[in-house]
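Dear colleague,

Please find below the structure that I am handing over to you. My findings follow it, arranged by topic.

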Amino acid sequence: MALRRVTNWNDPIFRKRSREVESFDERLWVLLDDMCDTLKHVNGYGCAAVHIGILRRVIVILDKSGVIELINPIITEESVQTQRVKEGSIAPDSPQGTVTRPKSVTVSGLDRNGEPIIVSGTDFLAATLCHEIDHLDGVLFTDKME
């Protein structure tokens with residue numbers, strides 16, 4: 001496991017769509033471990049692979065219940081009820097701002113072994129899931145800022 005360099009907020013890579021993960025092998029496991037180590041090092045909550053310059057559909061979230069790893073995540077349900085959340089990014093030079101997000105979401109994806117996984121979250125976890133999944137599509141929270 002190793003720390004990776006976090007990509008600067010102004011880097012154009014953040015506007016690119018990440019590619020689906022097809023191989024669930026040691027390279028993926030190293031990527032997930034490195035993303036987790038890097039996220040802990042910068043005291044963040046969520047990390048998409050693009051944060052470390054890799055255009056793959058992978059996110060890692062540090063939740064109070066532990067580490068959440070999602071590969072090829074898709075939001076399958078979201079509440080009609082919304083919340084206003086102050087957001088930022090682990091990317092250097094990131095601004096902060098308020099974004100309206102669903103109060104709860106359900107996300108389906110795959111775990112590090114390619115097995116299906118479903119994660120449901122409310123409040124801060126819901127906002128973090130939406131934020132990181134947006135990154136996989138080249139969408140930044142500033143696009144949705146109030």
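I begin with Ile13, which, neighbours within four places in sequence aside, is in contact with Thr7, Val50, Gly53 and Leu55; contact here means heavy atoms within 4.5 Å. Ile13 belongs to the segment before helix 1 (26–41). Helices (H or I, at least four residues) and strands (E, at least two) are DSSP runs, numbered from the N terminus. With a relative accessible area of 15%, Ile13 is buried; the term buried stands for under 20% relative accessible area, exposed for over 50%, and partly exposed for values in between (1.4 Å probe, protein chains only). The C-alpha atoms of Ile13 and Ile54 are separated by 8.8 Å, although these residues are 41 apart along the chain.

Please note the basis of these values. This is a predicted model, in which local features need pLDDT of at least 70 and side-chain atom pairs count only at pLDDT 80 or more, whereas totals for chains, interfaces and linings use all residues. Residues are numbered from 1 along each chain as its sequence is written, and side-chain values use heavy atoms, with hydrogens and water left out.

Overall architecture

The protein has 2 helices and 7 strands, and their order from the N terminus on is α-β-β-β-β-β-β-β-α. Its radius of gyration is 14 Å, which agrees with the value near 15 Å that a compact globule of 146 residues would have; the radius is taken over C-alpha atoms, and the globule rule is 2.2 Å times the number of residues to the power 0.38. Taken along the principal axes, the C-alpha atoms fill a box of roughly 40 × 35 × 25 Å. Of the 146 residues, 46% are buried. Among contacts with a separation of 6 or more, 67% are between residues 24 or more positions apart.

The protein exposes about 7600 Å², and carbon and sulfur atoms supply 49% of this area. Accessible areas come from the Shrake-Rupley method with a 1.4 Å probe; for residues, only the protein chains shown count as cover. There are 17 positive and 22 negative side chains, and the centres of the two sets lie 4 Å apart. Lys and Arg count as positive and Asp and Glu as negative, while His and the chain ends are not counted. The place of a charge is taken as NZ of Lys, CZ of Arg, CG of Asp or CD of Glu.

Cysteines

How many disulfides does a search of the whole structure find? The search finds 0 disulfides, a disulfide being a pair of cysteine sulfur atoms within 2.5 Å. Cys36 is in no disulfide, and the nearest cysteine sulfur, that of Cys47, is 9.3 Å away. For Cys47, the closest cysteine sulfur is in Cys36, and the distance of 9.3 Å is too far for a bond. Cys36 is buried at 9% relative accessibility, and Cys47 is buried at 0%.

Asn72 is found in strand 3. Although Asn72 is not a glycine, it has a positive phi of about 55°. Asn72 counts as buried because its relative accessibility is 11%.

Gln81 lies in the loop between strand 3 (66–78) and strand 4 (82–87). Is Gln81 buried or exposed? Gln81 counts as exposed, at 53% relative accessibility. Residues up to four places away in sequence not counted, Gln81 touches Arg101, Pro102 and Lys103.

Glu87 is found in strand 4, and its relative accessibility of 6% makes it buried. Beyond residues up to four places away in sequence, Glu87 touches Pro95, Gln96, Gly97, Val99, Arg101, Ala127, His131 and Phe141.

Helix 2

Asp123 is found in helix 2 (residues 123–136). The phi of Asp123 is near 55°, a positive value in a residue other than glycine. Asp123 is partly exposed, with a relative accessible area of 32%.

His135 is also found in helix 2, but His135 is buried at 1% relative accessibility. Leaving aside neighbours within four places in sequence, His135 is in contact with Phe14, Lys16, Ala48, Val50, His51 and Leu140.

Yours sincerely
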